[in-house]
Amino acid sequence: MIPAQRQYGGRDVSGLTAKNRQRTLAAAARDAEAAKVVLAAGGLSARYRRVLQARVAHPEASMAELGNMVGMTKDVASGILRQALSKPGSGAYPRRRLVAR
């Protein structure tokens, strides 16, 4: 086994790690652009504004790093980011409708 390779179930998965990182960075860049739109619209609480500003300033940061920057856990920061970007007009996450059955 080459040291740079990673094995999982006898398969080389080192390429998957790089692809996952690329997808993560692309998603973070999209979130940063959408965060700019939401910030420009205004009307946000300080907590939401802090998370969005951190994402705009650090689009390459992981959610754990982003949470640490704003003094929250990654789960709280992720939830705030998701809620803020689901606001109409942000274009980041589509709003989900709950349909009664």
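From the N terminus on, the elements of the protein follow the order β-β-α-α-α-α, giving 4 helices and 2 strands; helices (H or I, at least four residues) and strands (E, at least two) are DSSP runs numbered from the N terminus. The model is predicted, so local features need pLDDT of at least 70 and side-chain atom pairs count only at pLDDT 80 or more, while totals for chains, interfaces and linings use all residues. Residues are numbered from 1 along each chain as its sequence is written, and side-chain values use heavy atoms, with hydrogens and water left out.

Of the 101 residues of the protein, 26% count as buried, that is, under 20% relative accessible area, whereas exposed means over 50% and partly exposed lies in between (1.4 Å probe, protein chains only).

In helix α2, the buried residues are Y48, V51, L52, A54 and R55. Seen down the axis of α2, these buried residues fall within an arc of 160 degrees, so they line one face of the helix; the arc is that of the directions from the helix axis to the C-beta atoms. On the other side of α2, A46 and A57 are exposed.

The axes of α2 (residues 46-57) and α4 (residues 74-85) come within 9 Å and cross at roughly 95 degrees. Axes are lines fitted to C-alpha atoms, for helices over the stretch in contact, and angles run from 0 to 180 degrees between N-to-C directions.
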